[in-house]
Amino acid sequence: MNPDVTPARRRRSPIAGLDVLQQLRVVVRLAGSHSAQLERSTGIPGAQLWALHEVAQADGLSVGDLARRLRVHQTTVSNLLHRLEDGGLVRKGRAPHDQRIVQVHLTAAGRRALKNAPGPARGLLPNVLDGMKPAQLRKVHEGLAVLVDCMGGFDAALAARPLPFTE
C-alpha cells in the first residue's frame with residue numbers, strides 16, 4: 001500500500017484482499033508485541049497475566065469460570081494454572097460448599113506481578129475490543145465471521161486455543 005495515500009483516499013479506492021491481510025498482520029503483530037513486552041518486563045507470558053488479572057477480579061474463581069472468561073478450553077486453563085501455581089502466583093483449593101470444584105486464588109506474589117505489569121495485563125487485543133463501541137465491535141465481528149466462513153467455517157477447537165504469542 002502506498003504510504004503517501006491518505007486514509008480518505010484509501011476509502012474511495014477498491015480494497016484488495018492483500019490490503020485486508022496487511023491489516024490483519026498489523027493487528028496480530030501489535031498484540032504479539034504487547035504480549036512480548038509484558039513477558040520481558042514480568043517474566044510471565046501474556047496468557048498467564050490475563051489469567052492472573054481475571055483471578056484478581058474474582059478471587060476464588062472456579063477453573064471452569066476462568067476458562068469461560070478467557071474463552072479457552074478448560075484443559076488449557078488447567079495447564080496455564082499449573083505453571084502459575086509452580087511460579088507461586090496462584091494457589092488452588094477446593095470450594096468449601098462443593099469439594100468437586102477447584103477454586104483459584106491469587107497469592108501475594110501474583111498480586112505483585114500484576115501490579116508491576118505494564119498495562120493492560122489482560123492483553124492489548126481484549127482490552128481494545130472491550131473498549132470499542134457496540135457498533136464498531138459488531139462490524140469487526142461480522143467482518144471476521146465472513147472471513148471465517150470463507151475459510152471453512154467456525155471451528156470450536158481452534159477457537160478454544162490461545163494465540164501462539166500468548167502461550
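Predicted model: local features only at pLDDT ≥ 70, side-chain atom pairs only at ≥ 80, totals over all residues.
Where does Gln 57 sit in this structure? Okay, so that's my way in today.

Gln 57 belongs to helix H3, which covers residues 46–57. Its relative accessible area is 53%, and the cut-off for exposed is over 50%, so Gln 57 counts as exposed. If you want a distance to click on, take Gln 57 and Leu 30: they're 27 residues apart along the chain, and their C-alpha atoms are separated by 25 Å.

Next stop, Arg 71. You'll find Arg 71 in the loop between helix H4 (63–70) and helix H5 (74–86). What's the backbone doing there? Arg 71 isn't a glycine, yet its phi is positive, at about 60 degrees. For background, most residues other than glycine have a negative phi. And is Arg 71 buried or exposed? Exposed, because its relative accessibility comes out at 63%.

Last thing, the surface. There's a nonpolar patch of about 810 Å², made by Ile 15, Leu 18, Val 20, Leu 21, Leu 24, Val 140, Leu 144, Leu 147 and Met 151. Two elements give two or more residues to that patch: helix H2 (17–42) and helix H8 (134–150). Which one gives the most? That's H2, with four residues.

Let me pick out one of the patch residues, Leu 24. Leu 24 lies in helix H2, and at 31% relative accessibility it counts as partly exposed.

How values were computed. Residues numbered from 1 in each chain as written. Heavy atoms only, no water. Buried < 20%, exposed > 50% of the residue type's maximum accessible area, 1.4 Å probe, protein only. Patch = residues over 30% accessible without salt bridge, like charges linked within 9 Å, V, L, I, M, F, W, Y side chains within 5 Å. Areas by Shrake-Rupley, 256 points an atom, 1.4 Å probe, with all protein chains shown as cover. Salt bridge = Lys/Arg side-chain N within 4 Å of Asp/Glu carboxyl O.
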